[in-house]
Amino acid sequence: MAPPAGNPMLPSVDWQTAASCSRAFSRGGPRMSPEGALDVVADLHRHARTAIDLVTDYTGLVPGSAVNVDVVDRIRWSRANIAGFRRLLTELGAEDLDPNAPVPAAAKLTGVQTGAVLAFLSSRVLGQFETFSTDSGRLLFVAPNIVEVERRLRLPSREFRLWIAVHEAAHLTQFTAVPWMRGHFHDLIHAFFDAAEPDRSTASGLARAVRRALASAREEERGGPPREELPGTDVMSAVTSPEQREAISQIQALMTLLEGHAESVMDGVGRTAINHVALLRRRFDRRRANPTTLQRFLRQLLGLDAKMRQYAAGRRFVDHVVAEHGLTGFNRVWERPEHLPTETEIDHPDRWIARVLRDQGLAPQRLGAGRG
């Protein structure tokens with residue numbers, strides 16, 4: 001159940017300031033002629049349709065048909081996410097600011113912070129299944145980022161765009177072919193905010209997170225290992241209660257599964273539909289592994305290094321289960337929320353197999369067998 005309107009535990013955000021800051025801080029994209037830009041947009045729409053069919057074929061999961069596919073620039077990507085965050089916080093009971101009243105300083109500051117983070121992310125994200133702003137979700141492709149990456153890494157455009165489209169189509173399928181997934185994800189978000197502590201001071205924790213993120217970035221720049229073992233390195237760890245961190249653990253396990261599944265699917269589809277998938281994977285992973293010092297700092301601060309680890313850990317889990325039991329066995333993960341792996345099971349997939357697949361031969365395959 002959502003908290004009541006005006007929940008003081010939730011931040012008030014000046015969304016107009018957030019939009020203005022994200023627009024002001026956004027970097028320009030690669031140079032393209034108007035005709036070239038239109039060609040990229042049409043190409044990505046075409047690849048999205050192809051990718052959805054390929055993912056359906058490969059996984060055996062049939063996605064919903066009412067999802068919009070949008071090809072956007074960086075500013076429109078930020079705008080879409082602002083709309084999603086605003087709707088989410090409103091559902092959770094955050095107070096909506098009176099447009100005729102002066103904007104509180106705290107709401108304006110939160111707007112600046114939100115806009116700055118979105119501006120940074122808007123230059124990095126290639127695609128996204130955005131689940132909050134509409135009832136059906138939206139599949140977004142950030143055209144300038146895709147073009148920038150394919151040029152910098154010297155990748156074949158058609159194949160790279162289709163490969164990225166397959167990854168995002170996998171996310172679309174997860175959220176629309178699995179009838180309980182979207183509601184379950186939203187329930188976890190609600191549980192996170194419900195567990196907030198009213199008297200928890202965040203200033204010292206936030207300052208500590210900044211110091212640790214900067215130290216970790218400097219250590220990596222000198223060639224040392226990142227300080228992944230330190231608790232409270234990212235903002236979320238610094239400003240959350242123990243109960244919230246339990247909710248985060250469940251969200252983390254789910255997102256690791258979804259990212260790992262999308263990674264596995266994009267290469268599984270790629271082996272038959274994309275000629276140079278090995279080249280794409282090799283160069284793309286090198287991009288992920290070599291951020292700049294500023295990017296290292298921001299990734300540590302925002303917890304994005306955890307997302308990088310999600311790709312690898314989730315991929316290992318999915319590939320292990322598929323190797324042992326085929327996609328027929330793996331697809332049992334989508335049957336009900338209780339079949340989702342825990343964080344421990346992500347790292348030890350045989351424990352998930354023992355818990356969920358021990359009676360594999362007796363259970364009906366309600367969501368389709370896929371490729372066994």
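What is the mean pLDDT of the chain, and what percentage of its residues reach 70 or more? The structure discussed here is a predicted model, and its mean pLDDT is 81, with 75% of the residues reaching 70 or more.

Strand β1 (residues 68-72) runs parallel to β3 and is joined to it by 5 bridges. Within this pairing, Val 71 has Phe 141 of β3 as its bridge partner. Strand β2 (residues 127-130), by contrast, runs antiparallel to β3, and 4 bridges join the two. Here Gln 128 stands opposite Leu 140 in β3.

Aromatic rings come next. The structure holds 7 aromatic pairs. One of them is formed by Phe 129 and Phe 175, which are stacked at 5.5 Å centre to centre with 25° between the planes. This pair links distant parts of the chain, as Phe 129 belongs to strand β2 and Phe 175 to helix α6 (residues 157-177), 46 residues apart. Phe 129 has a relative accessible area of 9%, so it counts as buried. Phe 175 is buried too, at 10% relative accessibility. Another pair brings together Phe 317 and Trp 352: the planes meet at 75° and the centres are 5.6 Å apart, so this pair is edge-to-face. Because Phe 317 lies in helix α13 (residues 304-330) and Trp 352 in helix α15 (residues 349-356), the pair ties together parts 35 residues apart in sequence. Phe 317 is buried at 0% relative accessibility, and Trp 352 is buried at 0% as well. Returning to Phe 129 and Phe 175, ring pairs link these two with Phe 132 and Phe 185 into a cluster.

A last stop is Ser 22, found in helix α1 (residues 15-25). Its relative accessible area is 3%, which means that Ser 22 is buried. Leaving aside neighbours within four places in sequence, Ser 22 is in contact with Ser 78, Ile 82, Gly 115, Leu 118 and Ala 119.

Methods
Residues numbered from 1 in each chain as written. Predicted model: local features only at pLDDT ≥ 70, side-chain atom pairs only at ≥ 80, totals over all residues. Heavy atoms only, no water. Buried < 20%, exposed > 50% of the residue type's maximum accessible area, 1.4 Å probe, protein only. Contact = heavy atoms within 4.5 Å. Pairing = 2+ DSSP bridges. pLDDT = per-residue confidence, 0-100. Phe/Tyr/Trp six-rings, centres within 6.5 Å; stacked < 30°, edge-to-face > 60°.
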